[in-house]
Amino acid sequence: MIDFTKLNIKFASKFQYLNFNTFQSIDMKLPLSISVMIASLAAMPSLAAAEEAPAPRPQDNSAPLKSEILRLDVEARLDYQYVTRDGDTDDAASGFEGKYLVMRLDGVITPGLTYSWRQRFNKNTSFFEATDWVYLNYATGRWNFQAGKEVVAIGGYEYDRAPIDLYGCSVFWNNIPCYAFGVSAGYGITGNDRLTFQVTESPFAYSGNRNMYGYNLMWNGSHGFFDAIYSANLMEYAKGRYISYLALGNKFSFDKVWLELDFMNRAASHQTFLFKDCSVMAELSYSPDSRWRVYGKYTYDVNKTGTGADLVVADGTELNMAGAGFEFYPLMKKRHRLRLHAGLYYSWGKNGNPDNLMQSKTMYATAGLTWDMNLLNINRK
């Protein structure tokens with residue numbers, strides 16, 4: 001195994017490639033640029049450690065509003081990635097890439113009534129297609145009511161995590177449209193449990209038929225070391241035809257170690273059996289101190305239904321993916337954060353969607369940086 005804390009740039013520059021012994025059965029060679037980046041990150045001192053290293057954030061990840069009528073945040077992520085397929089470099093998928101450039105506005109209009117708008121600038125699409133969400137939310141007592149473009153309420157911790165905090169993901173995550181116009185109502189059953197019912201435009205609606213809908217019921221629970229994001233979903237994938245999701249997101253936390261374990265089953269008419277069309281996502285994380293998170297991840301997606309009802313995980317798919325990586329925070333201020341990351345993933349099996357990055361015998365290595373900046377706060381006088 002390579003000891004990254006002892007490896008330095010001078011040593012790395014003598015070699016064109018570094019071989020990872022943990023994957024000796026696979027020809028996984030990393031180019032000098034990514035090898036030097038990974039080696040040097042581990043030796044970087046902390047510029048500021050004002051806070052504990054944050055756990056991965058949920059989709060709607062902003063801090064709670066107090067009296068701000070306007071809060072402006074900007075996030076950006078730049079990666080270097082290297083991809084091989086069956087040992088051969090995929091030049092089209094390798095190189096530097098701007099992964100995310102995101103602006104977010106939040107504010108309080110009147111007591112109880114808030115707004116939120118998150119816009120991506122890295123999507124080559126129409127303005128509203130690049131809008132993750134823009135909604136109004138009204139909270140009163142245990143209830144809240146929301147309308148606008150929202151995150152589609154599907155359970156699972158991989159799905160729920162902010163995309164900028166994810167590196168290697170399941171086939172389901174890579175293909176599900178997760179933002180849609182709709183309305184929702186939430187009710188706090190207890191201080192630790194909340195139910196949300198949501199009706200949205202179907203994630204599979206298209207320009208020729210926008211009159212399609214999704215119906216979602218989600219439970220968020222937190223009980224000691226156990227947290228949950230469960231959902232039951234009914235999605236219209238063609239006019240008058242529906243596919244159902246049962247998504248069970250589980251998180252087990254023990255001091256510096258936590259496990260996120262998701263299971264999702266998908267079923268439509270004539271293919272209602274368990275496990276024929278499903279996904280499993282598991283990620284084990286360890287935070288040795290306030291600056292680091294080390295993780296290992298495994299995903300499994302399968303669809304052996306013989307039908308075309310599942311538009312997310314295509315029929316004929318049976319793909320495994322395993323990987324590991326780390327995150328390091330050299331700068332953590334109240335209003336600014338800098339994160340460095342590196343990860344290595346390998347997939348095997350078959351992916352029924354040929355447009356996805358992860359196919360059979362694919363190696364994906366990534367290293368990069370993310371910065372999160374709170375640029376403006378305007379408070380009500």
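How many bridges join strand S16 to S17, and in which direction do the two run? Let's take that as the way into this predicted model.

## Strands around S17

Ten bridges join strand S16, residues 277-286, to S17, and the two run antiparallel. Together S16 and S17 form a hairpin, with five residues between them. To find a spot on this pairing, look for Tyr286, which stands opposite Val294 in S17.

Strand S17 covers residues 292-303 and is mostly covered, with nine of its twelve residues buried. S17 also pairs with strand S18 (residues 318-332): eleven bridges join them, again in an antiparallel arrangement. Here, Tyr300 has Asn320 in S18 as its bridge partner.

## Strand S20 and its partners

Now move along to S20, which is joined to strand S4 (residues 68-85) by 17 bridges, the two running antiparallel. On this side, Glu75 stands opposite Asp372 in S20.

S20 is also joined to S19, by twelve bridges and antiparallel as well.

## A buried asparagine in a loop

Between strand S19 (336-350) and strand S20 (362-379) there is a loop, and Asn353 sits in it. Is Asn353 buried or exposed? Its relative accessible area is 17%, so Asn353 counts as buried, the cut-off being under 20%.

A polar atom of the Asn353 side chain lies 3.0 Å from the backbone nitrogen of Asp355. Leaving aside residues up to four places away in sequence, Asn353 touches Asn175, Ala314 and Gln359.

## Aromatic pairs

The structure holds 18 aromatic pairs. One of them brings together Trp133 and Tyr135: the ring centres are 6.5 Å apart and the planes stand at 40°, so the pair is tilted. Trp133 is buried, at 0% relative accessible area, and Tyr135 is buried too, at 9%.

Phe172 and Tyr245 make an edge-to-face pair, because their planes are at 80°, with the ring centres 5.8 Å apart. This pair links distant parts of the chain: Phe172 is in helix H4 (residues 171-175) and Tyr245 in strand S14 (residues 241-254), 73 residues apart. Phe172 counts as buried at 2% relative accessibility, and Tyr245 is buried with a relative accessible area of 3%. Elsewhere, ring pairs link Trp117, Phe127, Phe128 and Phe181 into a cluster.

## Salt bridges

How many salt bridges does a search of the whole structure find? The search finds 20. One of them joins the side chains of Arg118 and Asp132, at 2.9 Å from N to O. Arg118 lies in strand S7 (residues 113-120) and Asp132 in strand S8 (residues 131-140), so this pair ties together parts that are 14 residues apart in sequence. Arg118 is buried at 4% relative accessible area, and Asp132 counts as buried at 1%.

Arg266 and Asp310 form another salt bridge, with their closest N and O atoms 2.8 Å apart. Because Arg266 lies in strand S15 (residues 257-268) and Asp310 in the loop between S17 and S18, the pair ties together parts that are 44 residues apart in sequence. Both Arg266 and Asp310 are buried. In the salt bridge between Arg85 and Asp90 (2.8 Å, N to O), Arg85 is partly exposed at 25% relative accessibility, whereas Asp90 is buried at 18%. Finally, a network of salt bridges links Arg161, Asp165, Glu260, Glu283, Arg293, Glu327 and Arg339.

Conventions. Residues are numbered from 1 along each chain as its sequence is written. This is a predicted model: local features need pLDDT of at least 70, side-chain atom pairs count only at pLDDT 80 or more; totals for chains, interfaces and linings use all residues. Side-chain values use heavy atoms; hydrogens and water are left out. Buried means under 20% relative accessible area, exposed over 50%, partly exposed in between (1.4 Å probe, protein chains only). Helices (H or I, at least four residues) and strands (E, at least two) are DSSP runs, numbered from the N terminus. Two strands pair if DSSP finds at least two bridges between them. A polar contact is a pair of N or O atoms within 3.5 Å; within protein, one must be able to donate a hydrogen and the other to accept it, and residues adjacent in sequence count only if both atoms are side-chain atoms. Contact means heavy atoms within 4.5 Å. Rings of Phe, Tyr and Trp (its six-membered ring) pair if their centres lie within 6.5 Å; planes under 30 degrees apart count as stacked, over 60 as edge-to-face and the rest as tilted. A salt bridge is a side-chain nitrogen of Lys or Arg within 4 Å of a carboxyl oxygen of Asp or Glu.
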